[in-house]
Structure formats: structure tokens, C-alpha cells
Amino acid sequence: MPRWLLALALCLGGLSSAATPLQPNSPPTPPAPPLRVAVSGTWTLPFGELKQNQLVRGITFDVVTAAARRAGLRVVQVEVPQLRLDDAMAEGAFDLRCHFSPSWTPHPERYHWSEPLFETSDVLVGHRNARRLSTLKALRPGDRVGTVRGFSYPSLEPLFAAQQAQREDALDMAAVLRKLAVHRSDYAAVSRQSLDWHLRTWGDAGLAPWQLVIEKSHYHCAVPKTSKLDATRVLAGINQLRGSAALREILARYGATR
């Protein structure tokens with residue numbers, strides 16, 4: 001074939017290819033929905049420190065961060081008032097709630113629960129001048145017991161209802177202990193971790209040296225059944241932390257090793 005004819009054939013072939021419409025690209029894969037984590041303004045260290053309604057550090061912040069990384073999910077914090085948590089759950093406002101226990105809600109069946117990660121039992125501690133108690137039945141009418149507004153205390157609530165003791169609410173657990181230290185209450189119901197953090201930060205601050213365990217509980221996370229995320233995937237990231245070196249490091253970071 002003459003060279004000029006070969007060149008013409010190649011040219012026409014190129015024009016034909018250029019005229020062929022390109023196949024459209026496949027649509028981009030939409031990003032995975034975020035993991036919406038409920039954050040309560042009642043949290044204080046060691047469980048959580050909030051700034052501008054966002055959790056910035058604490059046991060729960062570190063647990064959620066580590067679990068989301070394991071599950072390959074992006075975290076979005078949703079600030080929910082403590083008293084609205086159950087309503088917000090029913091409305092599908094969040095996908096994960098941590099620093100939680102089945103005994104703290106009247107409807108544990110509405111959640112998928114993680115394995116227990118560590119103990120968070122509540123203790124009763126007294127002001128230095130208050131009577132030492134060996135049992136909750138020793139509380140007397142007029143005894144003021146510091147509590148967090150919106151928190152559930154299954155072992156104390158029958159006593160409050162019977163007016164055997166007086167519930168003295170505060171905004172968060174740190175405020176409960178501050179009120180006890182200045183004797184604006186006689187006793188306080190607090191987690192051991194919160195009490196230990198307070199004692200390391202402020203010393204005994206007028207508190208009695210004894211503690212009475214009043215409620216056995218454990219730290220869980222839970223996915224509401226209203227969430228559209230795969231609960232198995234979310235909770236797998238939480239459950240992988242149980243007994244791990246990563247969890248031990250988180251607890252040690254905040255002095256919550258017992």
C-alpha cells in the first residue's frame with residue numbers, strides 16, 4: 001500500500017475514534033453515613049470534658065474514637081440534654097450511646113448492647129461530719145443525697161419516693177461533689193472513677209474516708225434499634241476494646257484503673 005494511502009487510513013481511523021462518544025463515568029460512591037454519638041452535658045472528667053457542647057477528652061471520647069477507627073466510621077457528636085436522651089433515641093437522633101448501662105434505662109430492650117468494658121459501680125460517700133452508713137436503710141428523713149439531674153439511681157429511688165432521704169440534684173457529678181465538700185448535702189452518689197478523679201484533683205476536701213457501694217454497674221455502649229447503621233459493625237469496634245491493651249491505656253490515662 002502506498003504510504004500516502006496508509007497515512008489517510010490512519011487519519012480516518014483516528015477521526016472515527018474521536019467521534020465515538022465516551023462512556024459516562026460511573027457515579028461516585030456516596031460516603032458512608034457518619035456514626036452519630038450522643039453526648040451529654042452532664043459528663044465530667046474522667047468520663048468526658050465538653051467545650052462548646054463537644055466532647056474533647058475523657059474515657060468516653062477515647063473509647064468512641066478507638067472504636068470508630070476499628071469500625072471504619074467517621075464520628076459526629078450530637079449533644080443531647082440528659083432528660084431528652086430517651087426521646088432523642090426514639091426519634092432516631094443518634095446511633096451510639098456510651099457511658100451507659102442497661103439498669104440506667106427503663107427500656108433496655110430498645111438498644112443493641114455492647115459487652116461490658118469495665119466496672120462503673122456507684123458509691124455513697126459522706127461529708128466528714130455526716131454519720132457513717134453501713135446500709136442505705138440507715139438513711140433518715142432529711143438526709144440530703146447529692147445526685148445528678150436526670151440520672152437514674154435504682155437503689156435510691158424507692159427511698160426518695162418514701163421520703164426516707166432527700167434527693168439533691170446538681171448539673172453534673174463534679175458539681176455533686178463540690179456541693180458535698182461545702183456541706184450543701186450530707187451524702188453523694190457517685191461513680192468510683194468520678195470520686196477518684198475528684199480526690200486526686202482536690203484532695204479529700206471535707207469528704208469522709210469511707211465509701212458504701214450502692215449500685216453495681218458496668219460501662220457499656222449501645223446502638224438504638226432506631227439507628228439505620230449496622231449495629232453489628234458498630235458494636236464490633238466497641239467489643240474489640242474489651243480486655244485490650246488499648247482500653248487499659250485509656251483507663252490509665254485518666255487514673256481509672258480499678
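Mentor: Start with Ser121. Leaving aside neighbours within four places in sequence, Ser121 is in contact with Val190, Ser191, Arg192, Glu215, Lys216 and Ser217. Keep in mind that this is a predicted model. Ser121 sits in the loop between β7 (118–119) and β8. Its relative accessibility is 1%, so Ser121 counts as buried; the cut-off is under 20%. The side chain of Ser121 also makes a polar contact with the side chain of Glu119, at 2.9 Å.

Now step to the next residue. Asp122 stands opposite Glu215 in β12. Three bridges join β8 to β12, and the two strands run antiparallel.

Next, the sheet itself. This open sheet has five strands in the order β10-β9-β11-β8-β12, with mixed pairing. β10 (166–170) and β12 are the edge strands, each pairing on one side only. On average, neighbouring strands are turned by 35 degrees against each other, direction ignored. Helix α5 packs on the sheet and touches β8, β9, β10 and β11. The direction of α5 makes about 150 degrees with that of β11. Helix α6 (residues 192–202) packs on the sheet too, touching β8, β11 and β12. For α6, the angle with the direction of β11 is about 105 degrees.

Back to Val190. Not counting residues up to four places away in sequence, Val190 touches Ser121, Asp122, Val123, Val125, Met173, Val176, Leu177 and Leu195. Val190 is also among the residues with the most contacts inside the largest nonpolar core, which has 31 residues. Elements giving two or more residues to this core include β8 (122–126), α5 (173–181) and β11 (187–191). The largest share, five residues, comes from α5.

Definitions and conventions. Residues are numbered from 1 along each chain as its sequence is written. This is a predicted model: local features need pLDDT of at least 70, side-chain atom pairs count only at pLDDT 80 or more; totals for chains, interfaces and linings use all residues. Side-chain values use heavy atoms; hydrogens and water are left out. A nonpolar core is a set of buried Ala, Val, Leu, Ile, Met, Phe, Trp, Tyr and Cys residues joined through side-chain atoms within 4.5 Å. Buried means under 20% relative accessible area, exposed over 50%, partly exposed in between (1.4 Å probe, protein chains only). Helices (H or I, at least four residues) and strands (E, at least two) are DSSP runs, numbered from the N terminus. Contact means heavy atoms within 4.5 Å. A polar contact is a pair of N or O atoms within 3.5 Å; within protein, one must be able to donate a hydrogen and the other to accept it, and residues adjacent in sequence count only if both atoms are side-chain atoms. Two strands pair if DSSP finds at least two bridges between them. Axes are lines fitted to C-alpha atoms, for helices over the stretch in contact, and angles run from 0 to 180 degrees between N-to-C directions.
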